[in-house]
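Subject: Structure handover

Hello,

Here is the structure I promised. Please open it alongside this note. My findings follow below.

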Amino acid sequence: MPPLTPMPVARAQVVAVGTALPERRVSNAELACRLDTTDEWIVSRTGIRERRVCEPGQGLITLAEPAARRCLERAGVAASDIDGIIVATITPDMVMPATANLLQHRIGATRAWAFDVANACNGFVAALANATMWIESGRAKRILVLGGDVMSSLIDWKDRNTCVLFGDGCGAVLVEAGPADGPGVVGIEMHSDGGPAAELCVPCSGSAIPATPEALARGQHFLKQNGKMIFTHAVRRMAEIAASVMRSNGLTAADIDLVVPHQANLRIIQPTAERIGVPMSKVVVNLDRLGNTTAATIPLALADAEADGRLVAGSRVLLVAFGGGLTWGAVYLTWGRS
Ligand code: ACO
């Protein structure tokens with residue numbers, strides 16, 4: 001998709017964020033008791049020290065509901081005033097119905113349509129881009145956008161190549177129609193390359209390989225990845241797309257207050273920041289505490305940045321993500337309500 005330079009009648013303002021995390025913390029030391037790994041290996045290769053993990057059978061809705069409620073409370077908006085709900089996830093409670101539908105009922109968003117978006121680690125960016133189009137076209141005034149994943153449900157806890165990387169969590173933002181010259185989403189860019197799809201996938205998770213006893217016995221319901229290949233693509237694509245959004249919106253590094261990258265690996269985040277000339281002091285990093293929560297990383301990082309005072313009304317923020325698909329995207333926005 002080419003870069004968009006929209007002239008909206010309304011601007012999609014991102015006015016509040018709310019989050020929810022499972023109680024249980026799993027440290028690298030705990031994993032090292034069960035697997036052939038060490039805290040030193042995990043920290044030096046990824047930057048991750050611990051992650052939050054749901055209890056077995058705890059579905060995404062148990063995180064999505066509190067995240068949504070907190071977001072609405074902070075925005076001062078009633079659930080009945082929302083027009084739509086989009087949940088970005090690759091770990092919905094069920095394939096059908098969408099977790100967004102479960103959420104619509106749980107929070108009493110009686111007027112809202114609801115659907116899920118599956119775009120892996122780029123899911124939140126894709127959902128925010130989608131919500132922006134609804135708002136800019138004038139077809140909706142308020143949309144709740146969530147990014148959430150229970151990655152522990154897709155992980156083989158005996159596979160040290162993957163299980164040390166991921167965590168569970170959920171974040172929600174409220175996107176509201178505001179004046180066209182006010183704060184909000186300014187630039188969006190998204191790309192996909194389905195060629196290397198098999199390099200990061202969950203083979204038994206849909207129609208191609210149904211969940212038969214044989215498929216489960218082969219462990220095909222667990223996430224598989226070519227870590228090195230994904231790493232190389234992530235570094236290249238995140239830097240490329242961040243630079244492209246900056247260029248198409250006439251921004252230099254000095255114009256960016258905060259970069260909120262997908263949290264997969266500190267060794268992916270650092271070169272991305274370096275290549276666009278933004279110092280790490282302006283980059284939000286929370287993967288040390290939360291690991292890679294897939295669609296949740298960006299809203300969780302937005303909430304952390306707000307809590308530590310780095311994200312305030314008017315902050316100029318660059319979101320950038322990369323994930324399985326392959327898929328990658330970036331959004332440039334100014335934070336808060338007009
Ligand atoms: N503890 C100890 N050793 C390990 C572990 C572990 N947890 N995991 C793998 N190893 C071993 C491997 O078995 C391999 O051993 P071998 O050489 O004997 O076969 C060796 O470590 C690989 O080491 P490195 O080459 O140094 O590993 P690398 O620097 O490539 O780091 C990592 C591996 C962290 C997986 C990296 O490739 C990566 O982050 N890739 C991106 C994957 C990712 O982020 N996926 C998430 C979804 S996509 C996204 O969110 C962007």
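In which loop does L326 lie? L326 is in the loop between strand 12 (316-323) and strand 13 (327-334). Helices (H or I, at least four residues) and strands (E, at least two) are DSSP runs, numbered from the N terminus.

First, the ground rules. This is a predicted model, where local features need pLDDT of at least 70 and side-chain atom pairs count only at pLDDT 80 or more, while totals for chains, interfaces and linings use all residues. Residues are numbered from 1 along each chain as its sequence is written, and side-chain values use heavy atoms, with hydrogens and water left out.

**Backbone**

A cis peptide bond joins G325 and L326, with omega about -5 degrees. The bond from M96 to P97 is also cis, with omega near 0 degrees. P97 sits in the loop between strand 4 (84-88) and helix 4 (99-107). A120 is not a glycine, yet its phi is positive, near 50 degrees. Its loop runs between strand 5 (113-117) and helix 5 (123-136). These are worth a look because most residues other than glycine have a negative phi, and most peptide bonds are trans.

**Ligand**

The ligand is surrounded by 22 residues (a heavy atom within 4 Å of it). T37, R45, Q225, K228 and H262 are the closest. By class, the shell holds 9 nonpolar, 8 polar and 5 charged residues (nonpolar: Ala, Val, Leu, Ile, Met, Phe, Trp, Tyr, Cys and Pro; charged: Asp, Glu, Lys and Arg; polar: the others, Gly among them).

Domain 1 (11-178) and domain 2 (185-334) each give at least three residues to this shell. The domain bounds come from an automatic or database assignment. Helix 2 (39-46), helix 6 (160-163) and helix 8 (227-248) supply at least two residues each. Helix 8 gives the most, with 4.

Now the side chains. A polar side-chain atom of T37 is 2.6 Å from a ligand nitrogen. For K228, a polar side-chain atom lies 2.3 Å from a ligand oxygen. For R267, the distance from such an atom to a ligand oxygen is 2.9 Å. Alone, the ligand exposes 1000 Å², and the protein buries 75% of that (Shrake-Rupley method, 1.4 Å probe).

Best wishes

Conventions
Polar contact = N/O pair within 3.5 Å; in protein donor to acceptor, adjacent residues only side chain to side chain.
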